[in-house]
Amino acid sequence: KPTLEEYTDWYRDDPVLGRNMWSTFLARELPPVIDAQFGGTGQNSIAGISMAGTSVLQLAIANPGVYRAVASYSGCAMTSDPLGRAYVKSVVEVRGGGSAVNMWGPDSDPAWVDNDAYVNAAELRGTNIYISSGTGLPGHFDTIDGPDVAGSPTKLVEQLAVGAFIESATDRCSRQMQARLDALGIPATYNFRDRGTHSWGYWQDDLHDSWPVLSS
């Protein structure tokens, strides 16, 4: 199962995570297969949640003209600042067990900046963009009978604690991305909910809300 930054093409094979050429696969190899199988038109859009909400922005920038629309739900565009690098490493190395050096090299390597969607946001011009996030405050899905909780008090506590912390961070990232795009004069559709944690119920709603952008 790929983690966050595996959705790029890595510098070299990783002893734990193997060969990762996800940008090539997702943007170049997979679309014609989908078109052939399902009668597609060659028009592509891409959406991602949480960690993948970072990667879809990178994919759109790294593959100009491939995606006409991109949607990021509770993602964080920045990867090259100190906090962004720490976040990337926590996913690749702590969760994935691989080495970020095999992915983008040491911290000083230009690849860290090259793959930062915040820094390179100008390359999104002409792409339909949808960005969403909650604040981390409990919302209507953060209840004992919510879709991610399913009656589990332990899961509810986790969602109200960890899910709240993560969503508050991605909300800050998403609003920073809005400021960046506004400064560049690049239009986008935003859905900043005043409540909601980092959980699936809200992302399902975001998918429906973003469909006019993705299908336009």
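Q: In which loop does Ala150 lie?
A: This model is predicted. Ala150 has a positive phi of about 50°, although it is not a glycine. Its place is the loop between S3 and H6.

Q: Is Ala150 buried or exposed?
A: A residue counts as exposed over 50% relative accessible area. Ala150 has 67% relative accessibility, so it counts as exposed.

Q: Where is Ser74, a residue other than glycine with a positive phi?
A: Phi of Ser74 is near 55°. Ser74 sits in the loop between S2 and helix H3 (82-95).

Q: Is Ser74 buried or exposed?
A: The cut-off for buried is under 20% relative accessible area. Ser74 has a relative accessible area of 0%, so it is buried.

Q: Which element gives the most to the largest nonpolar core?
A: The largest nonpolar core has 20 residues. Helix H1 (22-38), helix H2 (51-62), strand S2 (67-73), strand S3 (128-133) and helix H6 (153-184) each give two or more residues to this core. The element that gives the most, with 5 residues, is H2.

Q: How many residues of H2 are buried?
A: H2 has 12 residues and reaches 17 Å from its first C-alpha to its last, close to the 16 Å expected. The helix is mostly covered. Among its buried residues are Met51, Val56, Leu57 and Ile61.

Q: Which elements do the buried residues of H2 pack against?
A: The buried residues of H2 include Gly53, Thr54, Ser55 and Gln58. The partners of the buried residues are H1, S1, S2, H3 and helix H4 (100-104).

Q: Which residues does Leu181 touch, not counting those up to four places away in sequence?
A: Leu181 is among the residues with the most contacts inside the largest nonpolar core, as are Tyr67 and Val70. Leaving out residues up to four places away in sequence, Leu181 touches Ala121, Ile129, Ile131, Ile186, Ala188 and Tyr190.

Q: How many residues of the lining of the second largest pocket are nonpolar?
A: About 460 Å³ of space lies in this pocket. Its lining has 25 residues, and those nearest its centre are Asn44, Ser45, Ile46, Ala47 and Tyr67. H1, strand S1 (44-49), H2, S2 and helix H7 (200-214) each give two or more residues to the lining. Of the lining residues, 7 are polar and 2 charged, while the nonpolar ones number 16.

Terms used. Residues numbered from 1 in each chain as written. Predicted model: local features only at pLDDT ≥ 70, side-chain atom pairs only at ≥ 80, totals over all residues. Heavy atoms only, no water. Core = buried A, V, L, I, M, F, W, Y, C linked by side-chain atoms within 4.5 Å. Buried < 20%, exposed > 50% of the residue type's maximum accessible area, 1.4 Å probe, protein only. Helix = DSSP H or I, 4+ residues; strand = E, 2+ residues; numbered from the N terminus. Contact = heavy atoms within 4.5 Å. 1 Å grid on protein atoms, 1.4 Å probe; cavity = no way out; pocket = protein on both sides within 12 Å on 5 of 7 lines; lining within 4 Å. Points joined across faces, edges and corners; volume = space filled by probe spheres on them. Nonpolar A, V, L, I, M, F, W, Y, C, P; charged D, E, K, R; others polar. Expected span 1.5 Å × (residues − 1).
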